[in-house]
Amino acid sequence: MNFQLLVRQILLIFNSERTISAPYHLLKGKKSSQTLEDAVLFHLQPYYHLLPFLTRESYDAVIAKLCQQGDLQLTNERYTVKPPPQQSSHFDGFSYRGGERVFFARLQLLVQTLSQRNAQNMKFVPVVTDLRIQRFVKQFLRRYTTASLAEDLYKEIVSLLADEAISDWQRLLFTYRLSGYEQPAQTLEQLASTKDVATIDAELAWLEALHYLLKRVESPLLLALLEGCIVSEPLTVSAAKTLQFLAQGYTLEQVANERKLKLATIHDHVIEIARNRPTFDITPYVEDKIVRRVHQAVATLKTRRLKVLQQTLNIDYFTIRLALTREV
Amino acid sequence: MLERALQHYFGFSSFRPGQEEVIRALLANEDVVALLPTGTGKSLCYQLTGRLKEAPVLIISPLLSLMQDQVNQMKKLGFKRVVALNSFLTREQFTEVLANLAHYDYIFVSPEMLQNVNIGRRLKQLPFGLIVVDEAHCISEWGHDFRPDYLRLNTWLKYDSRPPIVALTATATSKVLADIKDVLCIKEASMYLAPIDRKEIRLARQWFTTAQEKVNWIEEYVSTTLGPGIIYTSSRKKTEQLTAQLRKWRIKVAAYHGGMTNEDRQLIQEQFLAAELEWIVATSAFGMGVHKNNIRHVIHETMSPTLSGYMQEIGRAARDGQDALATVLCTEQDKEVLQFLHDTVPTEEMVRAYYAHVSLAISDSNAELLKYLYANYELSQAIVYCQTLKVEKNKAFQATKNYMETSKCLRATLLQYFEQATVPQQACCTQCGLNVEDYKEVRKFTNLSKQSLDWALRLQQMLLK
C-alpha cells in the first residue's frame, strides 16, 4: 500500500470524527492516551507507530496532493475522502511499535559482522551506531559461537524470504538494506529510485514485509534476534503500576495521592487498562446502565465524537471514554 | 626510530611533509601550532605521539559529526580504547564512560563539554601526554567557522600539570594563527606551516549567464567524463534535483547532505569508497572524514562562501598525488547570493536591542554570537566587535569575489589570501593556459546498463564464503 492510499484509508476509517492531523499522530505512534485510544476505538492498530520518523512537512504534502487530485476535500474541521480501492495489508504496527526496526538493525549489524569475519577483516565502521544494538549483537555473538553461524543465518533468511506472500521488490528491500564486506547497503532513497517510487513508499513496502515475516519466524537465530521486539505487555509501565494499586483495592483518588499524580492521569491509566484487558471490571467506576446509555447514544447519533456525546448525555468525559472501551 | 614506529603502528614507510617535525616537537614537550593541508594526515600526528608517549591523549573537536567519524576511523585502524564524550551519548552511557575515563587512550570531547565543571575537573585529573585542539581555526572569529565556545577554552587550559598542546588546522591566515596562539595562551609555540598549495589540483573557472546553463554543463561534463568526483552545490534541494537529473544518464551518483540520517550518510560514503558510486552531489556537509584517495574532479556548482572553505573542499581531490581538476562555475547572480551570505553580522541596532533585552528576530548564528558578546563584553565593545567583524567578513567576501572575477592566475589569487607565494607551474589554471581536456578521462560507455539487483545472490555474497 503506498503512502497516499494509506493516508486515505486511515482518513476514511476516522470518518471525519477526528481532525485531519489524527492520521499523522497515529502513524508517528504518539503515546498520548487520545491517540492510543483512537487506535483501538477505530480498529486502526495496524497503522499505529508505522512511521515514527514521519515529518509534518511530508504529511502535509500528501494531504495537499490528495486535495489537489480531488481525492480529499477539506471543509472547516471536517473532511470528505474518496474511499481508496479495497486492499488488504499485513501491517501490524501496534504489536511492534518500533520493535521491527530494532530487529532489522540487529540483523544489519550481525550480517555485517559475519560478512567481515568471513573476509577475515574485522576493521570496519559498524552500520549501526546505536550502542544498545551494538551491545546486543556482541552478546549474541558470545552466545552463538558455531563456525557455521553465517551459513546458518543465511539459510534462515533465505527460507524466511521464500514466503510467497511477499514480493521480489520486498525481498530486494530486505536484502539490499543489509551491508556486507565491501558491499555497503543501499539507502531506501537509492532503492526507491531504481523503481521510480517515492522513498516513503519503499519504506512502507519494507515495513509490510517485516510485519508479515517476523510473525512467522520459527528458526532459532532469527528468533533470538527478535527478543523483545514484539510487544507482549501492552500496558505502559505507569498504567501497570496503577493496575497494581487498583487490584489492592485503592480508589482512583487514593492511587493519585499515593503516586503523586493528577487524577486525570489515573483516569487515562484506567482507560488504557480497560482497553487492553477485556476482563478488567469497569463497574466500580461506571454503572452498567450508564454504559448502555452511552452505547445507545453512539448507535442513534452515529458518532463517537466525545464532544457530541458529552453534550447530549451530559456525562463526564472519563465515564464516556470508559464506556466506549466496552462497546461491542 | 620515528620511522620504525610509523611502520609498526600504521604500516607506512615514510612521513608526509610536516608530520615528523610536529611529532618531534611534541615528544620534546613543546606546544605546537601546525597548519597542515587537508589530506596530509593531521590525525596521525597525535595518534603516533600518543603511542610513543604511552599516555592518553585528549582531543578537543568542535564538530560533532566529525568527532563521530574520527572515532569510527580510529577504531577501524585498530585503536580500541577510543571514546567521544558528546551529547550523542545517553545519560547511562555517559555515566558509564565518565566512570571509566582512565580506561581510554584517546578521548574526544567537544568544547561545550569542558565547560561542564564536573567533566572539566575529571579530565584534568587524567595523566594526558598531549592535548589536541582540532580544527583550531574555529577559535578565531576571523576564521570561516567561528565557534564562540572555543574561546572559553583558555580558562580550562590553565592548570599546572597541563601537557603540551597541539593546535591543528588545514587553513588559516596569519591573523587566525595569531588568534590561535592568543586564545590557547601558547605564545611560545613552535609553528609548522606546510605549504598549502596542491599543485596536482588544476584550477578551472567557467562563466555562465544562467543557472540552467550550469546544470546543462554539469550533465554534459559528468556524462562524458570518468569520475570519481564531487559536485558541491549550495542547498540540500539542489543536491537532490541534480542527482535525479544525472541518474537519468544512468550515472552512479548519489546526493549527500546534512538532512540525511547519519546511517545513510555513512552508507553513501562507503559506496563512494567502494567505487559503487562514481559521483557525489553534496552540500558542504560532505568532506570531512572522506578518506578516498583518487578523487579526480571537484566541481563547484556554486562558489564556496569563503576561500578557506573552497581550499578545504578542493583539497579532497588528488590525495594519491595524481592530477585532478577543480572547477568553479560562476554566474553574476552567485555574487549577489554570496554578498547576502556575508551580510549577516548583527547591526549596531541589533546589538543595542539585544543588550536592552528587546526581543528581536535574528538568525541562529547571530543569536549565538550576541549571547557570547553579552556574556563577555560591554555594549560599546560589542558594537566595535561587530563592526570589525563586518569589515573582516567583507574582506573575505571580496577575496572570494575576486577569485571569481580575476583575470590573473587563479592559484596565485588563492594563495595570496593565505599569504603564501606560488611556484610557477605548467598547466596551473585556466588563466595560465590550462587545457582542461588534458585532464579529463573520457567515459567510454555513456549509456550504462541499468543496475540489476538480485536478492539471493546478494545474500550469498554477504554470508557464504
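Colleague: C138(B), buried or exposed?
Modeller: C138(B) counts as buried, at 1% relative accessibility; buried means under 20% relative accessible area, exposed over 50%, partly exposed in between, with a 1.4 Å probe and protein chains only. This is a predicted model, where local features need pLDDT of at least 70 and side-chain atom pairs pLDDT 80 or more, while totals for chains, interfaces and linings use all residues. Residues are numbered from 1 along each chain as its sequence is written, chains are lettered from A in the order written, and side-chain values use heavy atoms, without hydrogens or water.

Colleague: Switching to strands. What covers the faces of β3(B)?
Modeller: I can give the strand's own residues: V82(B) and A84(B) on one side, V83(B) and L85(B) on the other, are all buried. Strands are DSSP E runs of at least two residues, helices H or I runs of at least four, numbered from the N terminus.

Colleague: Which sense does β3(B) pair in with β4(B)?
Modeller: Parallel, over 4 bridges; pairing takes at least two DSSP bridges. V83(B) has I107(B) as its bridge partner in β4(B).

Colleague: What follows α10(B)?
Modeller: C185(B), with a positive phi near 55°. Within α10(B), residues 174–184, the buried residues include V176(B), I180(B) and L184(B).
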